[in-house]
Amino acid sequence: MTDSVPSSVECQARKNKASSHAGKMLARYGNFLKQLHCAGVSLRYLSTYTCKDGVGTILLDNEKTRNSLSLEMMNSIQRNIVENQHDSELRCIVLAAKGRVFSAGHNLKELTAERGSEHHKQVFHKCSELISAIHSAPVPVIAKVDGLAAAAGCQLVASCDMAVCSDSSTFSTPGASFGIFCSTPGIAVVRAVPRMRAAYMLFTGLPITAHEALQAGLVSKVVPQDVLNEEVSKICKAIASKSRTVITLGKTFFYKQISLDVGAAYELGEQIMVDNLATVDGREGIKSFVEKRSPKWTHRE
């Protein structure tokens with residue numbers, strides 16, 4: 001017994017029904033958006049995410065507040081990292097900003113006395129969560145800075161795995177000038193630069209230039225503004241040519257060993273090297289070298 005074939009009339013009826021259902025769904029979604037707009041809820045994301053050729057780009061996009069790290073902005077950045085970090089095609093993430101200010105730091109309107117201590121704790125805890133998300137991301141996170149990075153904005157740069165900036169960029173931790181010492185930004189800064197330089201930045205609030213930041217170790221490289229995109233692209237391509245599995249293993253160990261004493265770090269490092277060689281790409285890398293050919297990465301653990 002064979003199934004009957006639907007007639008052209010029946011097929012058209014089904015298409016009309018499906019089209020009607022889709023139309024109703026779109027209408028409902030449109031009404032939902034209108035309700036949000038009428039309620040004063042912003043539908044604009046403060047940071048956006050795009051991905052091309054294995055490079056994910058998170059763009060801070062709120063020039064009006066100088067890309068301040070409000071709760072909403074920090075949630076947006078963290079969400080873009082966490083929701084995309086396990087994409088098997090992703091090789092690195094670039095953190096960039098729209099406008100001439102990378103980030104002016106926390107939104108001080110969220111730190112007024114009227115907001116209360118619990119809200120203040122929420123702001124600083126969210127910032128700590130964001131920094132943790134950068135460190136725990138399985139791929140390198142690169143700050144691309146073209147302009148000012150101040151206070152928590154400077155903290156954000158110092159917390160990335162690498163930072164490349166234009167030669168006109170500046171960095172500062174001016175919190176004390178506004179009656180709130182940059183205590184949490186200082187945690188990241190003093191782990192990136194020598195103590196004397198960190199103290200200068202924190203106690204005076206005075207900015208340092210891009211070249212001073214490079215000399216101190218706050219950034220990885222300084223280039224003219226017109227070649228900033230080219231330089232970041234070059235770095236991303238270099239990372240993308242490696243095995244994601246190996247880079248992830250290396251980044252995880254890199255941060256873990258920093259808190260260990262030298263002896264413990266070497267002991268753990270020895271085992272990590274052995275584990276690395278046991279991976280599929282570890283074996284492929286050695287084999288390709290011996291056979292004098294380019295490696296063919298699987299990016300599998």
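Guide: A contact here means heavy atoms within 4.5 Å. By that criterion, 65% of the contacts in the protein chain with a separation of 6 or more are accounted for by residues 24 or more positions apart. The model is predicted: local features need pLDDT of at least 70, side-chain atom pairs count only at pLDDT 80 or more, and totals for chains, interfaces and linings use all residues. Residues are numbered from 1 along each chain as its sequence is written, and side-chain values use heavy atoms, with hydrogens and water left out.

Visitor: How many helices and strands does the secondary structure hold?

Guide: There are eleven helices and ten strands.

Visitor: What makes E1 and E10 the edge strands of their sheet?

Guide: Two strands pair if DSSP finds at least two bridges between them. The open sheet has six strands in the order E1-E2-E3-E5-E7-E10, with mixed pairing. Strand E1 (47-52) and strand E10 (221-223) each pair on one side only, and this places them at the edges. From one strand to the next, the twist averages 20 degrees.

Visitor: Why is Leu 59 called partly exposed?

Guide: Buried means under 20% relative accessible area and exposed over 50%, with partly exposed in between (1.4 Å probe, protein chains only). Leu 59, a residue of strand E2, has 26%, and is therefore partly exposed. Apart from residues up to four places away in sequence, Leu 59 touches Leu 46, Ser 47, Thr 48, Ala 96, Ala 97 and Lys 98. Lys 98 is 39 residues from Leu 59 in sequence, yet their C-alpha atoms are 6.7 Å apart. Across the 301 residues of the protein chain, 40% count as buried.

Visitor: What leaves one side of E4 and of E9 without a neighbour in the sheet?

Guide: The sheet concerned is open and has four strands in the order E4-E6-E8-E9, with mixed pairing. Strand E4 (101-103) and strand E9 (208-209) have a single partner strand each, so one side of each is left without a neighbour. E4 runs parallel to strand E6 (residues 148-150), joined by two bridges; Val 101 has Leu 148 as its partner in E6.

Visitor: Why are H9 and H10 called roughly antiparallel?

Guide: Axes are lines fitted to C-alpha atoms, for helices over the stretch in contact, and angles run from 0 to 180 degrees between N-to-C directions. Angles under 35 degrees count as roughly parallel, over 145 as roughly antiparallel, 65 to 115 as roughly perpendicular and the rest as oblique. Helix H9 (residues 244-258) and H10 pack at about 175 degrees, with their axes 11 Å apart; the pair is therefore roughly antiparallel.

Visitor: What makes H10 roughly perpendicular to H11?

Guide: Helix H10 (residues 262-278) and helix H11 (residues 280-290) pack at about 80 degrees, with their axes 4 Å apart. That angle makes H10 roughly perpendicular to H11. Among the residues in contact are Leu 277 of H10 and Ile 286 of H11.

Visitor: Why is the pair of Phe 181 and Phe 203 called tilted?

Guide: Rings of Phe, Tyr and Trp (its six-membered ring) pair if their centres lie within 6.5 Å; planes under 30 degrees apart count as stacked, over 60 as edge-to-face and the rest as tilted. The structure holds two aromatic pairs. In that of Phe 181 and Phe 203, the centres are 5.7 Å apart and the planes stand at 40 degrees, so the pair is tilted. Phe 181 is partly exposed at 36%, whereas Phe 203, at 61%, counts as exposed.

Visitor: What makes the pair of Phe 254 and Tyr 255 edge-to-face?

Guide: The angle between the planes of Phe 254 and Tyr 255 is 85 degrees, with 5.0 Å from centre to centre, and the pair is edge-to-face. Phe 254 is partly exposed at 45%, and Tyr 255 is partly exposed at 24%.
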